[in-house]
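Hello,

Here is the structure I said I would pass on. My notes follow it.

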Amino acid sequence: MTKLDDLFRDPLPDRDTYILKQAIPFNPDQWTTRLPNDQWWPKPLSALPRAGRWPIVDRQTVFRMAEHSETPEGRRDLLIATLVWGTGTSTRSIARRVRIFHENDLDWLDHRITAATTEIDRGDPVAAYLVLNDRDARVKHLGPAFFSKLLYFASAGHPTGGLLPLIIDSNVALALDELSPHSWAPDERWDSKKYANYLDLAHSWAERFGVEADMVERKLFERGKQVRAGTT
């Protein structure tokens with residue numbers, strides 16, 4: 001049995017439990033005090049349930065916000081919700097994330113996000129990835145680990161062109177480095193060719209093991225964390 005087979009050996013929970021309800025705690029005060037003004041805070045994030053000290057946001061909530069992202073405000077809300085889901089409660093990490101809104105022209109930022117999400121709507125997640133990974137027009141402080149999250153959520157959970165845009169980050173890359181024949185880590189500026197290879201691999205593994213592609217992404221993320229911690 002290969003390491004890949006072993007990763008999917010145990011039955012996985014259903015997608016609703018394992019993916020859509022994957023919830024991340026967040027500290028709204030750390031966001032609202034750092035965004036350009038308090039009107040920027042997305043309203044859907046203001047009435048979420050708590051788990052202990054903090055409110056939590058799950059993937060399903062962000063997917064639903066993507067269904068209302070046809071305006072500049074809607075796209076901004078989707079981006080902020082994506083960042084909140086991907087960042088958690090770390091004050092230092094939140095401070096890094098909000099630099100996106102302070103160190104980029106906001107009209108230009110919306111233009112880039114619109115261009116990328118348009119490619120998602122057209123069914124080309126790799127072209128969408130390339131829009132935001134273009135060296136000559138890259139959004140400051142929005143690297144692949146976060147803009148791939150944005151592309152994923154912008155799909156509202158529906159495959160485009162037969163492929164679901166998937167999240168790639170350093171943990172996913174560590175797992176890919178272990179399980180695929182290609183080198184992925186420690187480089188964190190994966191080009192569009194690598195992203196295309198990743199989507200092809202993840203979707204082929206999803207078909208092989210009878211799961212959804214984003215379930216593969218989460219298993220890779222968890223495996224990468226184990227690799228990083230030396231607990232494999």
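Leaving out residues up to four places away in sequence, Asp169 touches Ala145, Lys149, Trp190 and Phe221. Please keep in mind that this is a predicted model. Asp169 sits in the loop between helix H10 (144-154) and helix H11 (170-179).

Which side chain of opposite charge is nearest to Asp169, and how far away is it? It is Lys149, at 4.1 Å.

**Salt bridges**

Side chains of opposite charge can pair when their charged atoms come close. The whole structure holds eleven salt bridges. One of them joins the side chains of Asp214 and Arg15, with N to O at 2.6 Å. This pair links distant parts of the chain, since Asp214 belongs to helix H13 (residues 213-229) and Arg15 to helix H2 (residues 15-20), 199 residues apart. Asp214 has 0% relative accessibility and counts as buried.

Lys21 and Asp16 also form a salt bridge, and their closest N and O atoms are 3.3 Å apart. Here Lys21 is exposed at 52% relative accessibility, while Asp16 is partly exposed at 34%.

A further salt bridge runs between Arg122 and Glu119, again with the closest N and O atoms 3.3 Å apart. Both residues are in helix H8 (residues 106-122), and because they are three residues apart, about one helical turn separates them. An α-helix has 3.6 residues a turn, so residues three or four places apart point the same way. Arg122 is exposed, with a relative accessible area of 62%, whereas Glu119 counts as buried at 18%.

In soluble globular proteins, nonpolar side chains tend to be buried together. In this model the largest nonpolar core has 72 residues. Those with the most contacts inside it are Leu45, Leu79, Phe101, Ile168, Leu176, Tyr198 and Leu220. Setting aside neighbours within four places in sequence, Leu45 is in contact with Phe26, Val57, Met65, Ala81 and Val84.

Met65 is also one of the buried residues of H4, together with Arg59, Thr61, Val62, Phe63 and Ala66. Helix H4 (residues 59-66) is largely enclosed by the rest of the structure, because six of its eight residues are buried. Which elements do the buried residues of H4 pack against? They pack against H2, strand E3 (54-58), helix H5 (72-87), H10 and H13.

**The sheet**

Three strands make up an open sheet, in the order E1-E3-E2, with antiparallel pairing. Strand E1 (23-25) and strand E2 (50-51) are at the edges; each has a single partner strand, so one side of each is left without a neighbour in the sheet. As for E3, four of its five residues are buried, so E3 is largely enclosed by the rest of the structure.

E1 and E3 pair over three bridges in the antiparallel sense. Ala23 stands opposite Asp58 in E3, and the bridge partner of Pro25 in E3 is Ile56. E2 and E3 pair in the antiparallel sense over two bridges, and Ala51 has Trp54 of E3 as its bridge partner. E2 and E3 form a hairpin with two residues between them, and Gly52 in the turn has a positive phi of about 80°.

Regards

Conventions:
Residues numbered from 1 in each chain as written. Predicted model: local features only at pLDDT ≥ 70, side-chain atom pairs only at ≥ 80, totals over all residues. Heavy atoms only, no water. Buried < 20%, exposed > 50% of the residue type's maximum accessible area, 1.4 Å probe, protein only. Lys, Arg positive; Asp, Glu negative; His and termini not counted. Salt bridge = Lys/Arg side-chain N within 4 Å of Asp/Glu carboxyl O. Contact = heavy atoms within 4.5 Å. Core = buried A, V, L, I, M, F, W, Y, C linked by side-chain atoms within 4.5 Å. Pairing = 2+ DSSP bridges.
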